[in-house]
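Subject: Structure for you to look through

Dear colleague,

I am passing on the structure we spoke about, and below it you will find my notes on what turned up in it. Please read them with the model open beside you.

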Amino acid sequence: MTKLQSTGSAGSSTRPYLIRALHDWCTDNGYTPYLAVYVDRSVQVPMEYVKNNEIVLNVSFEATSGLQLGNEFIEFRARFGGVPRDIVVPVDHVIAIYARENGQGMAFPVPAAAEPADEAESAAPAEAGGPGLKLAPTAGDGPPPASPAEEGDTPPPEPPTPTPGARPSLKRVK
């Protein structure tokens, strides 16, 4: 029998492991994994696609190049409006990962020490594909928001965004 040793600390965050697991689940089942990200100064994304300090990113292997789902950062290169961009997201700023096709996934709390991006930057109008967050769609809802990195760059309908500090609801994955 193996004895578990206590190190006296809470251990590392489960968030990067859950993100990787759900990314694998989406990929294995033919779904498109999307990340909803809380944007502040520590996040490197195209600010013209940020709305209400949030952006939704298509993190499928088809939409990204050099995707690295690390313990501290998620890094990749993607095209936004035909222009390649380097993306760097601190793992603790990921507020959800879900499948585009059915909305199934997991939500995480907004970072506690979240520092909003400059008001001028976050107030910039979102271009085509302006993202929003949709955590638990119900029957009759349209598809989750499109990622700017996705083909077509067509604007999605405006989904509701959660209130910071509010408890997110999840849809059971069977």
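I begin with Y49, which is buried, its relative accessible area being 4%; please keep in mind throughout that this is a predicted model. F80 is likewise buried, with a relative accessible area of 2%. Y49 belongs to the loop between β1 and β2, whereas F80 belongs to strand β4, so their pairing ties together parts of the chain that are 31 residues apart in sequence. The ring centres of Y49 and F80 are 5.3 Å apart and the planes stand at 45 degrees, so this pair counts as tilted.

The total count of aromatic pairs comes to three.

Among the contacts with a separation of 6 or more, 66% are between residues 24 or more positions apart.

Turning to the strands, three of them form an open sheet in the order β3-β4-β5, with antiparallel pairing. The edges of this sheet are taken by β3 (65–69) and β5 (83–90), each of which has a single partner strand, so one side of each is left without a neighbour in the sheet. On average, and with direction ignored, neighbouring strands here are turned by 25 degrees against each other. Strand β4 (residues 73–80) is joined to β5 by eight bridges, the two running antiparallel, and F76 stands opposite I87 in β5.

A separate antiparallel pairing links β1 to β2 through five bridges, and within it A36 has V56 of β2 as its bridge partner. Strand β2 (residues 54–58) is mostly covered, five of its five residues being buried. In a regular strand, side chains alternate between the two faces of the sheet. In β2 both faces are covered, with E54, V56 and N58 buried on one side and I55 and L57 buried on the other.

Finally, I would draw your attention to T32, which lies in the loop between α1 (15–28) and β1 (33–38). Is T32 buried or exposed? Its relative accessibility is 12%, and because the cut-off for buried is under 20%, T32 counts as buried. The side chain of T32 is joined to that of E101 by a polar contact of 2.8 Å. Leaving aside residues up to four places away in sequence, T32 touches N58, S60, Y98, A99, R100 and E101.

With best regards

How values were computed. Residues numbered from 1 in each chain as written. Predicted model: local features only at pLDDT ≥ 70, side-chain atom pairs only at ≥ 80, totals over all residues. Heavy atoms only, no water. Helix = DSSP H or I, 4+ residues; strand = E, 2+ residues; numbered from the N terminus. Buried < 20%, exposed > 50% of the residue type's maximum accessible area, 1.4 Å probe, protein only. Polar contact = N/O pair within 3.5 Å; in protein donor to acceptor, adjacent residues only side chain to side chain. Contact = heavy atoms within 4.5 Å. Pairing = 2+ DSSP bridges. Axes fitted to C-alpha atoms, helices over the stretch in contact; angles between N-to-C directions. Phe/Tyr/Trp six-rings, centres within 6.5 Å; stacked < 30°, edge-to-face > 60°.
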